[in-house]
Amino acid sequence: MVRSSISFSNMKKILISLNHPAHYHLFKNTVSILRQRGYEPLYVISNKDILERLMIAENVEYIKLNEQIRRKKSMLSVFWGAGIDLLRKDYLLFCFVRKYKPSIMIGTDISITHIGKLRNIPTLFFNEDDFEINKLACMFAYPFVTKVVSPDICSVGKYTRKKIAYKGYQKIAYLHPDYFSPDYELIKGIVGKNESFFIIRLVSLTAGHDLTGQHNGISMFLLDNLIDILSRYGRIFITSETVLDAKYDRYVLKMEPNLMHHLLSFATLFIGDSQSMCFEAGLLGTPYIRYNDFVGKISVLNEVEHTYKLGVGIPTDNPSRLLNVIEELLSTPDLKSVWREKVKQVYKDKIDVAKFYADVIENEIK
């Protein structure tokens, strides 16, 4: 629900700024911990993709500041859209913060770093993209932020003095077995109990780290090939950030967005050009194939793919390898059981990220 009034209580207020659906999940367990400790967290959102739908489905209060501008896949559109979004968000957030007076601002949103600096409010910027792969966001945020909260294996460029490192990944904050348990009952109307099914995710590749407009993913020609192969083994669901041709309507996934992780947990295989959902699939024990031009460039995904072997990254100059890897994985006996055993090691090696975040936020307030 949209929050209709602003609280001026004496509790220590924490503003959480969200720009992306995954970022709600990132903080939701930390928010619960902070509430138990007596803090008052408030979500402020810039709506993108299904973010607002997700908040409504989760029955979470929030303040919506603006809608993000739709961007085309070109350098000019990405740069112009990101710039206009940032200026507008800075202004709206400044006006809101002047009334709300939070004790701290946290999130993955560049604007909190600007307004925090102007209003002398501590800010924590959460990022697991390496500085080199997401330079635009980092160059606009890191000079102004109080601290950068980032996995130990991630690069923050020359801002190491601002880094709070931890042994984990952002997605562990909401996918750790202590916080999330797959529930088939919630998705039984979508797939059968023992049914083989596949999820294909297509993204627009128009985020800030796609500034050059040169990053590619799954083409429509390749999508047709994927459908031809996967249809021999089970059902296919497609989720896409962009509108698809009507011929794909039969495959388009229709469900509440807060059920996605449950569906993803039971999937036989996930294929996508999305970094986030590939990462989530692996941590849920579902094999994934990531097909885009970021392969080999992102530290956390390199570790997941090479150390823990939860997924396979394939650059877009090798489509035949994508098709071959699908056949290899689907011929693996007890594929899902093998992956569930692999993912256990991740949770043995990594920390309770949600609790760590809560401790870091509390320390910065004090």
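**Architecture of the predicted model**

Residues 24 or more positions apart account for 64% of the contacts in the protein with a separation of 6 or more, where contact means heavy atoms within 4.5 Å. The structure is a predicted model, in which local features need pLDDT of at least 70, side-chain atom pairs count only at pLDDT 80 or more, and totals for chains, interfaces and linings use all residues. Residues are numbered from 1 along each chain as its sequence is written, and side-chain values use heavy atoms, with hydrogens and water left out. The secondary structure of the protein comes to 13 helices and 12 strands, these being DSSP runs numbered from the N terminus (helices H or I of at least four residues, strands E of at least two). Of the 366 residues of the protein, 57% count as buried, a term that denotes under 20% relative accessible area, as against exposed for over 50% and partly exposed in between, with a 1.4 Å probe and protein chains only.

An open sheet of 5 strands has the order β9-β8-β10-β11-β12, and its pairing is parallel; two strands are taken to pair if DSSP finds at least two bridges between them. The edge strands of this sheet are β9 (235-240) and β12 (311-314), each of which pairs on one side only. From one strand to the next, the twist averages 15°. Strand β8 (residues 197-202) pairs with β9 in the parallel sense over 6 bridges, and within this pairing the bridge partner of Arg 201 is Thr 239 in β9. Helix α11 (residues 319-330) packs on the sheet, where it touches β8, β10 (269-272), β11 (288-291) and β12, and its direction makes about 175° with that of β11. Axes here are lines fitted to C-alpha atoms, for helices over the stretch in contact, and angles run from 0 to 180 degrees between N-to-C directions.

Helix α11 also packs against helix α7 (residues 220-230), at an angle of about 20° and with the two axes 11 Å apart. This makes α7 roughly parallel to α11, given that angles under 35 degrees count as roughly parallel, over 145 as roughly antiparallel, 65 to 115 as roughly perpendicular and the rest as oblique. The crossing of α7 and α11 is right-handed, a crossing being left-handed if the near helix is turned anticlockwise from the far one by less than a right angle, and right-handed if clockwise. On the α7 side the contact is made by Leu 222, Asn 225, Leu 226, Ile 229 and Leu 230, and on the α11 side by Pro 319, Leu 322, Leu 323, Ile 326, Glu 327 and Leu 330.

A further helix pair is formed by α1 (residues 21-36) and α13, whose axes come within 8 Å and cross at roughly 60°, so that α1 is oblique to α13. The crossing of α1 and α13 is right-handed, and Leu 26, Asn 29, Thr 30, Ile 33 and Leu 34 in α1 meet Ala 354, Lys 355, Tyr 357, Ala 358 and Ile 361 in α13. Glu 362 lies in helix α13 (residues 353-365) and, at 15% relative accessibility, counts as buried. When residues up to four places away in sequence are not counted, Glu 362 touches Arg 37 and Tyr 39. Glu 362 and Ile 14 are 348 residues apart in sequence and 9.7 Å apart in space, C-alpha to C-alpha.

Elsewhere, 3 bridges join β5 to β6, which run parallel, and Leu 124 stands opposite Lys 147 in β6. Strand β6 (residues 147-151) is largely enclosed by the rest of the structure, because 4 of its 5 residues are buried.

Asn 120, in the loop between α4 (110-119) and β5 (123-126), has a positive phi of about 60° although it is not a glycine, and at 70% relative accessibility Asn 120 counts as exposed.
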